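Student: I have a model open and want to go through it. Can we start with the sequence and the structure?

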Amino acid sequence: MGIFIVLEGIDGAGKSTQAKMLAEWFEKRGYEVVLTKEPTDTAFGKLIRRLVLTGGREGIIDGARISHEAEALLFAADRAEHVDKLICPSLEAGKVVISDRYFYSSLAYQWARGLDLEWLIDLNRFAIRPDLAVLLDLPVKESMRRINRRSLKSEFDKIAVLQRKVRENYLKLVEMFPEMRIVNAQNSIEDIHNDIVGLIEEEILKKT
Ligand SMILES: Nc1ncnc2c1ncn2[C@@H]1O[C@H](COP(=O)(O)OP(=O)(O)O)[C@@H](O)[C@H]1O
Ligand SMILES: Cc1cn([C@H]2C[C@H](O)[C@@H](COP(=O)(O)OP(=O)(O)O)O2)c(=O)[nH]c1=O
């Protein structure tokens, strides 16, 4: 079996930056790496982008055009295909899979939308647990500064409220899922990378 690592955090926390660096770190050490993300680039991911994320990241804030339940089901369907077609086969082939977002995103975001957490956990029961899920934790103010959204002040405030709720939810999830670990995402890109590598060495490589 391979190694399955997930990166989580609010928008702009540095997930994609760190996912790329981590993939290179493993590749340099001779591992075969699959770098992936959710929502995926498959037909389901495209549907999500069309129905849920219309208008970019802001689109999801201002009331999706579909119900929050339908939104949760679409993310779960995209994930089911992701697990079945890419994640499991890659792990079975002994590869390292690094995913930028996974079911913890559904718990943090769709819970923030008012859906029931237990229902969301049940809905995502098929999603195999990763060896490690790193939460890149960052104050919302800093993440918004990094993304530098060019939105109206009223929209900006609405986004910040949701992001704050999502951040709080992620921190609650860390108490519930033992595979989750927090990394302070306020540090430099290099320091964060070293923290993640430290966790991987401690939690995964030493045990295999
Ligand atoms: N540790 C960091 N310090 C300062 N800026 C960062 C850091 N990590 C990433 N960034 C920048 O912040 C922005 C968002 O990073 P990104 O990796 O795309 O976040 P995410 O994938 O979580 O949305 C990018 O412009 C990136 O270059
Ligand atoms: C995977 C996932 C993402 N999301 C949200 C988080 C982000 O705000 C948004 C899009 O993800 P994001 O990582 O921003 O993708 P991209 O940069 O390719 O558009 O979807 C959920 O609400 N639930 C989920 O299950």
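Student: Where does Asp11 lie?
Tutor: Asp11 sits in the loop between strand 1 (3-8) and helix 1 (15-28). Helices (H or I, at least four residues) and strands (E, at least two) are DSSP runs, numbered from the N terminus. This is a predicted model, where local features need pLDDT of at least 70, side-chain atom pairs count only at pLDDT 80 or more, and totals for chains, interfaces and linings use all residues. Residues are numbered from 1 along each chain as its sequence is written, with chains lettered from A and ligands numbered from 1 in the order in which they are written.

Student: Why does Asp11 count as partly exposed?
Tutor: Because Asp11 has 19 C-beta neighbours inside 10 Å. Buried takes 20 or more other C-beta atoms within 10 Å, exposed 12 or fewer, and partly exposed is in between, with C-beta atoms placed from the backbone.

Student: And where is Ser16?
Tutor: Ser16 is in helix 1. Ser16 is also partly exposed, with 14 other C-beta atoms within 10 Å.

Student: Switching to ligand 2: which helix gives the most to the shell?
Tutor: Helix 4 (residues 103-112), with 4 residues.

Student: How do the shell residues around ligand 2 divide?
Tutor: Into 5 nonpolar, 3 polar and 4 charged. Ala, Val, Leu, Ile, Met, Phe, Trp, Tyr, Cys and Pro count as nonpolar, Asp, Glu, Lys and Arg as charged, and the others, Gly among them, as polar.

Student: What ipTM does the predictor give the complex?
Tutor: The ipTM is 0.97, and the pTM is 0.94.
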